[in-house]
Amino acid sequence: MQDSDVIVIGSGIGGLTAGALLSRYGKRVIVCESHNIPGGAAHSFTRRGFTFDSGPSFYCGLSNPNSYNPLRQVLDVLGESIQSIPYDPLGHYHFPEGTFAVHSVIEQYLETVAQITPQGARELQRFTQRLLPLYEALQGIPTLALRADWQLIPTLLKYLPSVLKMLPHLGTIQSSVGQVMDREVQDPWVRRLIDLECFLLSGLKAHGTIAPEVAFMLGERSRVGVDYPIGGSGAIVDALVRGLQRWGGELRLGTHVEQILVSNKVTGVRLRNGEILKAPVVISNASIWDTYNTLLQPHDLPSSYRQASLKTPAVDSFMHLHLGIKAEGLEHLTGHHVVVRDPQRDITEPGNTCMISIPSVWDATLAPSGHHVIHAYTLEPYHSWQRDDGYEEKKKMRSQSLYKALECIIPDIRQRVVIELIGTPLTHAYYLRRYQGTYGPAIAAGQGMFPGATSPIPGLYRVGDSTMPGIGVPAVTASGILCANTLVTPQQTAEILSTVSIGRYK
């Protein structure tokens, strides 16, 4: 007897998407989450009346019915929805030379750049004109219809007009953003701007980021705008959990999977408490390193495959600063900021580029009356951290780059703080159960591809940011879709597509 048809390890966005969709398809699904809060890197948590996002804070098209965001499509078929608040500009970039407002609509974006560098704006327009047709072609094929096996080919034939639209852009699809930038942009300020936007998306600069990722971002934010979920990122997680449970799936919190059980094929999992759950399919939402090095025995995988997988380069981890502050006198505060502190240092250097989110600007329920909630973070390498006598002092010292960045927006920030939480790479690794607390694989465009959902072990599948299509909420949602659809027939996928209004996807 099987305990379920599918066991999902981890309740990140990818795992919840795969689990909820498979429940929607009629499978018996158990999602096992080690933490006592679902959501992985997207979970929210509360301290003293302040609700903090643990990770992503920037979203497009959460409640706009015209969005092509894969998450929007998944929520549609699950019968769930999210309330969100649209806003513009989407943020401010603070360079040493001055502050730059980033507008969602491309035309406004270019107008603002033209005030700084007219020639650079013309070059940036050519750059966007190279990428946006790719978005127009991609949007005709719903992510919800895709899968990760050979049956993708007949599926794509159903969307032949959109496939044909993509043919003239095959060169761009296979390019890095940097290659497109090299052909169109010479202005050094605009090149740095493009590098920054790529870094915010993928953790890599333009030459390491694939062109379709930026094409989707530019097209989606210009076409449907940006919005923030009421209740924070946890509202997205809650909607996926509701969808999982609505269709009969089960979420078990505080349920740590110790090992994936393999006997020529997957047979189930063993939990930390010794309990064994049996299932013919296991989907790991853990990272590639945690799945292949911790959840499996070395002999479970072909040696060369395992070694190659474990050599996948990783993006650094983070320093996090979660603050609750007094809001008096901050009536004109805006929600998203990126501060580049030193133009002579690389933007990927730890502490040099600091990301700041103040979501209580849009959703006042995230903080007590008269207060704001802040999440600031920057890259930080894992290898130099250990829990020793100097740990607390080092936390204070390494968080100073974030405070200095915040002072660009709120000069008296230190005097306003009523609650302070400092997270290190060790914190990131502990709560998210992630290898070295990494942001995800550092697979540069042209130097490899993200692996797909399948593995050499029959019955073992993977989702999340170390699988195709990569890092970011839309990408990990798509990974869950690809995996779930691969485990059912194309006819079953067509049936659930027919239950929602998909005219906009055609």
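Some conventions. Residues are numbered from 1 along each chain as its sequence is written, and side-chain values use heavy atoms, with hydrogens and water left out. In this predicted model, local features need pLDDT of at least 70 and side-chain atom pairs count only at pLDDT 80 or more, while totals for chains, interfaces and linings use all residues.

I start with strand β7, residues 91-95; strands here are DSSP E runs of at least two residues, and helices are H or I runs of at least four, numbered from the N terminus. Because 5 of its 5 residues are buried, β7 is largely enclosed by the rest of the structure. Buried means under 20% relative accessible area with a 1.4 Å probe, protein chains only. G91, Y93 and F95 point one way, H92 and H94 the other.

Next, the partners of β7; strands pair if DSSP finds at least two bridges between them. Strand β8, residues 98-102, runs antiparallel to β7 with 5 bridges, and a hairpin of 2 residues connects the two. F95 is opposite G98 there. Strand β16, residues 336-340, runs parallel to β7 with 3 bridges, and Y93 is opposite V338.

Now the second largest pocket, about 410 Å³ in volume. A pocket is an open set of points on a 1 Å grid over the protein atoms alone, where a 1.4 Å probe fits, with protein on both sides within 12 Å along at least five of seven lines; lining residues have an atom within 4 Å of a point. The volume is the space filled by probe spheres set on the points, which are joined across faces, edges and corners. Of 17 lining residues, H43, F45, H322, T427 and Y431 are closest to the centre. α17 gives the most to this lining, 4 residues.

Definitions and conventions
Buried means under 20% relative accessible area, exposed over 50%, partly exposed in between (1.4 Å probe, protein chains only).
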